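Here is a friendly tour of a structure for you to follow at your own screen. Please keep the viewer open as you read.

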Protein chains: 2
Amino acid sequence: MSLRFGILGLLSEWEASGYDIKKEFDDLMSIFWHSHLSQIYPELNKLEKENLIRSKLIPQEGKPDKIIYTITESGKKELIKWLLAPTETPKLKDVFLMQTFFMDNISVEEVLFKLNAYKKERTQRVVKMKQIMSERLKSIKERDVMKARILMSSVVLKRGYEQELQYIKWCEDTIQLVESCKFLWEKSEGNRAPIVPFSAVEELFMNYFSDILEEEEKEIN
Amino acid sequence: MSLRFGILGLLSEWEASGYDIKKEFDDLMSIFWHSHLSQIYPELNKLEKENLIRSKLIPQEGKPDKIIYTITESGKKELIKWLLAPTETPKLKDVFLMQTFFMDNISVEEVLFKLNAYKKERTQRVVKMKQIMSERLKSIKERDVMKARILMSSVVLKRGYEQELQYIKWCEDTIQLVESCKFLWEKSEGNRAPIVPFSAVEELFMNYFSDILEEEEKEIN
DNA sequence: CGTGACATGTAAATCGTTACATGATTTC
DNA sequence: GAAATCATGTAACGATTTACATGTCACG
């Protein structure tokens, strides 16, 4: 349901081909959505049948011809209707957190390896995002033009970036905690886990949670 | 592909029925996954056919009979194989960020309304999570037993919680920024947006980005 | 006597991914 | 000569959601 609005949103600013749209999804918009060409092309055809967009064939030399789409009045109305509709809180999906949840099934060394590897992957992502952000910032400064669209795309970029940074920090903190709780993975005779009282890790545990427990004082409303 | 491992992971600790599994998905595990009963039941049957889990019928009085599943050796092996496999960095989907990206199409008042409403919804979620967390913490303290599984579920909870807090803070910061950039939504004659030089918002803009720009100094690796 | 929790499913529809199909041009 | 980019699609499969179907018991 959201893909169509991603397309309509894009076409509300520029006209574009399916191939162009895919590139936007892979670039800036990758922070909040992604899609395959094999889903974009049929969706464009559907949108045109519903009169929300219109196409024109552009012959090209040296490259294959392309089909450029523009948004219609009715399409813009649909987009605005969607923008004003209340957003349901999203149901999260995070495969790495799921793996983490069940990591008592593998050895501590493997846990630490996984956490480090994932941190590395996230770091690579944040480096790429940083590049996108500084390039954008530079081009905004150069063109010296500010618009609502530029503002809103920038705040979205910020959200994506800070999300990454925080995930990396979480990896670091968690690696530290696991490192100091290694003994929880030890197996005594009979392949049974040793019984460890909570008090043995209470300080470490509370320290790890300190930044969110401090929030307790701040009022939430 | 992940649902099956969510089920196997759960069954690696306790035996459970489809109905029990659904409740876990709705509770703690909702931070990283969710699923409908209509998907869980067929998946359980598939897993049993593949010999990864085994079922037994438990007759009950006063309640309908239920089918309890236990994990097999082969199931546990599959789970561990998955836990050790490298995790692809997830492709994010966030409908609210997508809406935000295109909010130049609605009025500032509507933008601010949407941001406030979403902040409220996220806040409700964080309140619920807080309850879950303090209940868990209390019960861990009372039972005075620490295990790797408890540690790992706690770190996942923390991730979910801090993610929510940060989203709320982003809403607040963004509301402030939009508030001070209201004029970007103004329309002059001919329904055209006024041309605003970047310098007019540079200070606000840079201030909004300050926390992530400061990270520039810290080295990432 | 209605609602919600308990309990297990099937069917249909939609959404998303991977594989297949085609063909031109540019760059290494 | 191989790989990447440009350009548009179809087909098959897999994952997910929504609707349908059935029945018991507890609580107010």
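Predicted model: local features only at pLDDT ≥ 70, side-chain atom pairs only at ≥ 80, totals over all residues.

Chain B can be laid on chain A by a turn of 180° and a shift of 0.0 Å along the axis, with an RMSD of 0.0 Å. That is the relation of a two-fold axis.

**How the two chains pair**

- In general, two copies of a chain are related by a rotation about an axis and a shift along it.
- The same surface serves both copies here, since 100% of the contact residues of chain B recur in chain A.
- Which residue of chain B comes closest to the rotation axis? That is B:Gln163, with its C-alpha at 3.8 Å.

**Helix α6 against helix α7 in chain A**

- Two packed helices are described by the angle between their axes and the distance between the axes.
- In chain A, the axes of helix α6 (residues 108-143) and helix α7 (residues 148-180) come within 9 Å and cross at roughly 155°.
- Angles over 145 degrees count as roughly antiparallel, and α6(A) and α7(A) are therefore roughly antiparallel to each other.
- The crossing in which α6(A) passes α7(A) is left-handed.
- Sorted by type, the residues of this contact between α6(A) and α7(A) are 19 nonpolar, six polar and eight charged.

**Helix α1, a covered helix**

- How many of the residues of helix α1 (residues 2-11) of chain A are buried? The count is 10 of the 10, so α1 of chain A is largely enclosed by the rest of the structure.
- The buried residues of α1(A) include A:Arg4 as well as A:Phe5, A:Ile7 and A:Leu8.
- Helix α1 (residues 2-11) of chain B is mostly covered too, with 10 of its 10 residues buried.
- Among the buried residues of α1(B) are B:Ser2, B:Arg4, B:Phe5 and B:Leu11.

**Helix α1 against helix α4 in chain A**

- The axes of α1(A) and helix α4 (residues 73-84) of chain A come within 10 Å and cross at roughly 120°.
- That makes α1(A) oblique to α4(A).
- The crossing of α1(A) and α4(A) is left-handed.
- From α1(A), the residues making the contact are A:Phe5, A:Leu8 and A:Gly9; from α4(A), they are A:Gly75, A:Glu78, A:Leu79 and A:Trp82.
- By type, the residues of the contact of α1(A) with α4(A) are four nonpolar, two polar and one charged.

- B:Thr174 is found in helix α7 (residues 148-180) of chain B.
- Is B:Thr174 buried or exposed? Its relative accessibility is 0%, so B:Thr174 counts as buried.
- Setting aside residues up to four places away in sequence, B:Thr174 touches A:Val155 of chain A, and B:Leu115 and B:Tyr208 of chain B.
- B:Tyr167 also has its place in helix α7 of chain B, and at 2% relative accessibility B:Tyr167 counts as buried.
- With residues up to four places away in sequence left out, B:Tyr167 touches A:Arg159 of chain A, and B:Asp94, B:Phe96, B:Leu97, B:Tyr118 and B:Arg122 of chain B.
- At 6% relative accessibility, A:Arg149 counts as buried.
- Apart from neighbours within four places in sequence, A:Arg149 is in contact with A:Gly9, A:Ser12 and A:Glu13 of chain A, and with B:Phe101, B:Phe102, B:Asp104 and B:Asn105 of chain B.

**Loop residues with positive phi**

- A:Asn51 is in the loop between α3 (37-49) and β1 (53-58) of chain A. Phi of A:Asn51 is near 65°, a positive value in a residue other than glycine.
- With a relative accessibility of 43%, A:Asn51 counts as partly exposed.
- B:Asp144 lies in the loop between α6 (108-143) and α7 of chain B, and phi of B:Asp144 is near 55°, a positive value in a residue other than glycine.
- B:Asp144 is partly exposed, with a relative accessible area of 34%.

Methods: Residues numbered from 1 in each chain as written. Chains lettered and ligands numbered in written order. Heavy atoms only, no water. Least-squares fit on C-alpha atoms with pLDDT ≥ 70 in both. Contact = heavy atoms within 4.5 Å. Axes fitted to C-alpha atoms, helices over the stretch in contact; angles between N-to-C directions. Helix = DSSP H or I, 4+ residues; strand = E, 2+ residues; numbered from the N terminus. Parallel < 35°, antiparallel > 145°, perpendicular 65-115°, else oblique. Left-handed = near helix turned anticlockwise from the far one by under 90°. Nonpolar A, V, L, I, M, F, W, Y, C, P; charged D, E, K, R; others polar. Buried < 20%, exposed > 50% of the residue type's maximum accessible area, 1.4 Å probe, protein only.
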